[in-house]
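Please report on selected strand and helix contacts in this model. Keep it brief.

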Amino acid sequence: MSAPLFEPVRRARIESLNIAFEEYAHAATGARHFHLDAEDDNNAFLVAFLTVPRDSTGVAHILEHTSLCGSRRFPVRDPFFMMIRRSLNTFMNAFTASDWTAYPFATRNRKDFDNLLQVYLDAAFFPRLDEMDFAQEGHRIERARPGDPDSELVYKGVVFNEMKGAMSPPVAQVGQRLQSLLFPTVTYHHNSGGDPSEIPSLTWEMLRDFHARQYHPSNAVLMTYGDLPAARHQEAFERLALSQFERREIDVSIPDERRYAEPRQTFDRYAASEAETAARTHHLMGWLLGRAGDPEEAMRARLLAGVLLEHGGSPLRRALETTDLGTAPSELSGLDDSTREATFSCGIEGSETEHADAFETLVLSVLDDVARDGVPREELDSVLHQMELGQREITGGGFPYGLRLMVRGLGPILHGADGLAALDIDPALETLRAEAADPGFIPRLVRDRLLDNPHRVRLTMTPDPELPGRRAAEERERLEGIRGRMSEIDLASVDEAAAALKARQEAEDDPSILPKVGVEDVPEDLAIPEGREVSFGPAPGTWFSAGTNGLSYLQVVVDLPPLAPELLALLPAFCDCVTEVGSAGRDYLATQARQSAVTGGLGASLSVGTSQRDVERLQGLFVLSGKALTRNQGALAELLAETFASPRFDEAGRLRELVAQARAQAEAHVTRSGHVLAISAATAGLGRYAALEEDWHGMRGIRSLKSLDDALAEDDAVAGFATRLDAIREALGTSRMEILAVGETLEPATECAGALARSITDGAAPSVPFDPDPAPDAAQDRGASREAWLTTSEVSFCARAFPAVPQAHPDAPALRVLGPYLRNTFLHRAIREQGGAYGAGAGYSADSGTFRFFSYRDPRIAGTFDDFEAAVRQVLDGPRQAAHLEEAILGVISDLDRPSSPAGQAIGTYFGTRHGRDPAQRRRYRQAVLRVTLDDLRRVAAEYLAPGRARDAVVTRENLLDREPEREGFETLRL
């Protein structure tokens, strides 16, 4: 009998996750396989390598991109994006972390799993790494105006532009600088994604050498999750890749960082705009802790961070939220255990440079207090409760639960720690409970890890409005120097390389090389959870039975009543505040502590939908939601009732803090999700729903939030704001409501939900249509068809929107398919590969009844809008292939069928039904998608995407807009 390909190392059951952990070692190469055996058909895979950059050229990041550009068995230009179109995946991507690179996917279709596994393994172990792919994905030099001999040279490249966008937000610049200071000598000192100023130093030869050294099975971890057996995976691993390698000694281990002998203080600057210089300084303090892979040390660090920062009543968070030294806590505050040695940070933003010493004094005084007095036992119990709840909760959605577990264990495994201990935290949690029983435990942790730890950094970063201009000038000077050293032959070579790359990008690959699934592999039916209508006391309700692993979910769902425009505009602020203030006579500190002790958090949100047949008919819902371990669902119901019935809007200082924090979060959102905001701005003039979304959550909403925050500097303004919040709560209290409950057992849920309903309603309120008056600059008052919102971003986000049809219209399915068809056949190549943007796409929105184009982290503006128009022309006049239609349909079906968590699927089904998308309608729509034809696509493109019907928006920096020939065609706006 032959020896096994993979030698079993151990198998253990993790009851709290309802999985079996299996570990294997490949006999020939030493590659490690970790399988998480679960009763889940959403099977997942990843292959990962410890990748340790020695500079900030972005070599690991660019290699991640380039590895997916063709391999030995699949020598096509773009197999990754081609497989997205030929798959029913529930997730496909690749990640570059600070010290590892992973290639994950998930799918519910077994044929699809086998197809993707072939492509992923070949890409990881046998990539072509073509020099032109390196130029496209990494960096290259071209003329700014092709064909013009007098044109200046410019840098292009997908990762180059991606990292310009990624490093635009101030918090990204501050975070990278803090990490470089905490790790002065090891790999974390560098920006693994790539610093745009250093990326052009990377050569193709350096990239190939990095792959040869680090992408080997002896440095690889293979992970799988789901109901497919480990032996099945291992046979495929051996056949497709591992049999072609032998064991190799690879040492890419990361040493412990050398410790500072005394704390350091650093002042630096970050790039900002002229409008963002007043009170915009960031102050941070950071500490280097112990090894993140040590399970007991990791749990102590998590407990320490939780005790200090868990909620508004935690001592350090309270100090950061209430201090007059800044406007909001830094979002960098907390524990980071993604590196081999963990770090702890805390900070404030919206400060002034001269407050650095006072900030440090504040933080150290809080730590001194905790080290002297400790914290109440109930605070420790609350954090331990949160750790238990986090272990049990089954998440899902855009990132499948199986992949979430795999990534959670991946870092410790790659750093040489115990993967089982990283996932099964219950033993370490029990040890921690015993340690925490000692009143001196937390004081000792604070002293040992923080106060007496000399490896501490204080960083102050101030805004510099001239820094973007200096960086741009340095880039121009660098390019001018390169051009000055070029001969005519060299310049001709640049033109020839650009032409060759363009020709390659426009060439048609043979897709038959790649495996595929087809429409015939689509499941006949869509699995939708079934709810049960019940009465929860005086309120109607819906119950969903779901496998939630011991958690219960409760939601109060209230019809939005008619509101005056000034109250309607404040609904998002109401949601931000209502769960964060005190309730039932308690102040917010006591309420936050109670929430943390018995729930997984409370939240408030708005859910607005449109009629299936008329997008101008809106239905709005206010949602107050919470989750808890089932043993605490009675306490959860009580807290929800108290929050709904008696929020403490008289806490003026707390309201001021919450609005400032919401503003900081919204402003950070601009450079991270500029494409979403550009789409909202472009769509805003095309109907009431789109106008409302823009006024609440778009660029206009952020501008209104900034104005509100500025206004609340006056005490009497805070009082008026509180009065308006109380008026909203009173209006909600007289409106019709329902209760949604999701869990594993109906009877206790019925008792708790009934008590909740009896506390807040008598069930007599009638249903009143949601008919909001337009805001002052709503749809009909927005005359500009082209808007440019000016921000600090180093790249642009472009969007174009067209009015279309509601979801019940016969053309809606064809418009839904048209989006991925345009992306697959034109936009991806033109805007990403050739234009250098990180991403681009198009899609139909049923709620707004619109069709939208967008680009993401884009170096161009005018050229991208030209490409939007050219994409439509290509559908109307270009060749059409049935294979492209099938790929677009598969993409839509994959989106429609993508599973969420058990609770998430139930909640999504409930709100879909409330907005007219009940299971029967969803199934009809899905079948209509499968019937879409090429003629349908041409017809709807001609009818709905005529150029004169479009509205455009771009989120960009002013100097980028100034370079555009069509600059005068845009109305410019600022936050």
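In β27, valine 955 is the bridge partner of phenylalanine 797. Strands here are DSSP runs (E, at least two residues), numbered from the N terminus, as are helices (H or I, at least four). Strands β24 and β27 pair in the antiparallel sense, over five bridges; pairing requires that DSSP finds at least two bridges between two strands.

The model is predicted: local features need pLDDT of at least 70, side-chain atom pairs count only at pLDDT 80 or more, and totals for chains, interfaces and linings use all residues. Residues are numbered from 1 along each chain as its sequence is written, and side-chain values use heavy atoms, with hydrogens and water left out.

β24 and β27 belong to an open sheet of six strands, ordered β25-β26-β24-β27-β23-β28, with mixed pairing. β25 and β28 are the edge strands, each pairing on one side only.

| Strand | Residues |
|---|---|
| β24 | residues 797-803 |
| β25 | residues 839-845 |
| β27 | residues 951-956 |
| β28 | residues 971-974 |

Elsewhere, helix α12 (residues 377-392) packs with helix α21 (residues 588-598) at about 45°, their axes 7 Å apart. Axes are lines fitted to C-alpha atoms, for helices over the stretch in contact, and angles run from 0 to 180 degrees between N-to-C directions. Glu379, Ser382, His385 and Gln386 in α12 meet Ala593, Gln595, Ser596, Ala597 and Val598 in α21. Contact means heavy atoms within 4.5 Å.

Confidence comes last. The protein chain has a mean pLDDT of 94, and 98% of its residues reach 70 or more. pLDDT is the predictor's confidence in each residue, from 0 to 100.
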